[in-house]
Amino acid sequence: MFTLAEVASLSDIQPTYRILKPWWDVFMDYLAVVMLMVAIFAGTMQLTKDQVVCLPVLQSTVNSKGQPGTSGKADFTTVETTTAQGEEASMRTVSSGSAPTVTPDIFLSRATASQYQSTESGQEMKKEQKDSSGRKTNLDFQQYVFINQMCYHLALPWYSKYFPYLVLIHTIILIVSSNFWFKYPKTCSKIEHFVSILGKCFESPWTTKALSETACEDSEENKQRLTGAQSLPKYVSTSSDEGSPSASTPMITKSGFKFSADKPMIEIPSVTILDKKDGEQAKALFEKVRKFRAHVEDSDLIYKLYVGQTVIKTVKFIFILCYTANFVNTISFEHICNPKVEHLIGYTQFECTHNMAYMLKKLLISYISLICVYGFICLYTLFWLFRIPLKEYSFEKVREESSFSDIPDVKNDFAFLLHMVDQYDQLYSKRFGVFLSEVSENKLRGISLNHEWTYEKLRQHVSRNAQDKQELHLFMLSGVPDAVFDLTDLDVLKLELIPEAKITAKISQMTNLQELHLYHCPAKVEQTAFSFLRDHLRCLHVKFTDVAEIPAWVYLLKTLRELYLIGNLNSENNKMIGLESLRELRHLKILHVKSNLTKIPPNITDVAPHLTKLVIHNDGTKLVLLNSLKKMTNVAELELQNCELERIPHAIFSLSNLQELDLKSNSIRTIEEIISFQHLKRLTCLKLWHNKIVSIPSSITHIKNLESLYLSNNKLETLPAAVFSLQKLRCLDVSFNSIAVIPVEIGLLQNLQHFHITGNKVDILPKQLFKCVKLRTLSLGQNCITSIPDKVSQLLQLTYLELKGNCLDRLPVTLGQCQLLRKSGLIVEDHLFDALPSEVKEMLNQDTSIPFANGI
């Protein structure tokens, strides 16, 4: 036999699931337990005491008059009976010729016995009346046991025998149906996750703080205190934050008092109630809630399963009620049994009594009452399920009671679970709603961010860049710490991968800030902050994935001088709409675009009259339709890199003010058009490196004012004499070509200061090279040079000499006469340097920092 505890375990669920069990489920669970007790009680009674007792039905017949026996003796009929005391007695009746015969089938009562007086004495008559209690049958004990067992199965209705087991089975089915949604794998995992998150959200310190701050914000007295305290006034953001109260409300980053949602504190908090661990846990909860919502909100499996199991319970109730009501009257104390075993017993009919009939009937009526109550609750549940839209849930009350007006309405299984929680306690949903609000999440991020990034920590991350400016680079933060705006001496601020960056009015304290970098950071600015940036910002770098990510306020910075745009400007969806406002940047001088343009946008040409430098770095996309370049009459520097150009664009020849042209990393093979550069009187720097140029035309001599010529990483095999007629040439770079000979005409370049011929096939250095006495940089590495002439000592201004990767046996001793050359500027193999005389090495090892230091 099993215990009640073992049966009750069938309905056992995790205690935390109780928040998803409304009152009707709890009540039905209790009803199921009572029905289990009824089943177990009935089954126990039936197993221990259930039996039937049967007696044969004696046929009443009157025998005919007795015939006298041949022996002249009287006939006797013996009836064996058992008295109430268990004694056995014999009753004999003498039959005479004139007296009637009494058959054994007729019971003799005391009244009947008095009608037939015998000739015996009064004492014998009293004894006979005392001993007779029933009619004698011809059955022994084994036959009674046999017929009782047969009649138990034949005479009793089947419901009387199996009633406890049916109740047990029905109750177990009802229990399973009530809790199936907690056990089914596809719903159990979601429910378990939801309950876990809900409990954490309810107990999180952040919910208390968020609701407390909401109460404080609703207090007029608190608003007045906020105005008088050291906090920012309200500013309207230009980044479309309509409907979000936090967009214009300053974030309180320090609080020292714990707020209560019921009785808000009016004092301004001075120290946050959240420590770092609490903040990290709250941020993790926001992420979990977001992922759980995306996972659950797209289906309604839990809702359908709950409706299905409720329908099953209702159908089960109707079925039980219909067939059970018919069997109430079949449970009776008396039953007639016809076992058809007359050949064994001698009787055809028995009258039986069922000793459990009364108890079973009472238990059955109790069970029917319980199942009726259970069924009515099921009907109410179905009414509740279909009366209101349970697949939609609105946080309207929460939005009204708090400042988190952005809490979204949810649907499907997410909504259904929240409706079920409301039946337990609506406070759970209210606290859970805090973690669905982006405003609340942003507040948390702000608090955690300011707690972690203090002024001291930010100061440690400030560095000096190549321009000797103080620079701060913030990478992958949840926002911009408030302490950043306290770095008043900062020159450059870089914000990278900060999706929720917000620039507040405190930026007006940073009077030295002139350069701002926004890398994948669509920063929002308050109105006062924008006014400051508009008047002070000079350089802006924006890196983006799509042009729509460029903040709208960028195009309103009328005093901006330099703009760097890095990202996709050739999107079919926006068609460069974002650049339409460039025409407003009237003071823009430098525009750097790194993208995948197929043509120069007309928006760029709108600011062309003001530009002095235009840089276009393509990703290999061919740039065509360059006629718009003709409008850029004031451009002094033009870079068209990696644009798949095959020739020098003719539109460039119209840029009369052009001073520097860079066509790096294109597919230019011939530069015959270079003759047209003679019209560019101001052109001083020409960069044609990283192309496929095979020869330099002699017409290059017409570029009289050329000072720098970069032809590295091409396919040149010779250097024409025309190159050396450029008397103003100061820098010549022909590295990584296939040049085998340096022409002797190189001595004509008396102004040459930098000569790079690394990575070629040069084997002999002409002596005329050392007539270029102004040389400061000489790169001869990775060639086939076997010796360095002693005339290298004539290069008194030489500071950098690269010789590594040649076939040198030794270095000339005259290197020591190059007064400005030091070991750090001598790129050569170690064994060649070690072979130099000690005095030469000592000369090269001299420290050059002292003269410069004294000169400062």
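1. Strands here are DSSP runs of E with at least two residues, helices are runs of H or I with at least four residues, and both are numbered from the N terminus.

2. A word on the basis: this is a predicted model, where local features need pLDDT of at least 70, side-chain atom pairs count only at pLDDT 80 or more, and totals for chains, interfaces and linings use all residues. Residues are numbered from 1 along each chain as its sequence is written, and side-chain values use heavy atoms, leaving out hydrogens and water.

3. Strand 10 has parallel partners. Strand 12 (residues 515-519) pairs with strand 10 over five bridges, and five bridges also join strand 10 to strand 9 (residues 470-475), again in parallel. Pairing requires at least two DSSP bridges between two strands.

4. How covered is strand 10 (residues 492-496)? Five of its five residues are buried, meaning under 20% relative accessible area (1.4 Å probe, protein chains only). One side carries Val492, Lys494 and Glu496, the other Leu493 and Leu495, and both faces are covered.

5. Now the helices: the axes of helix 2 (residues 23-49) and helix 13 (residues 357-387) come within 10 Å and cross at roughly 160 degrees. Axes are lines fitted to C-alpha atoms over the stretch in contact, with angles from 0 to 180 degrees between N-to-C directions. The two helices are therefore roughly antiparallel, a label for angles over 145 degrees.

Methods:
Buried means under 20% relative accessible area, exposed over 50%, partly exposed in between (1.4 Å probe, protein chains only). Angles under 35 degrees count as roughly parallel, over 145 as roughly antiparallel, 65 to 115 as roughly perpendicular and the rest as oblique.
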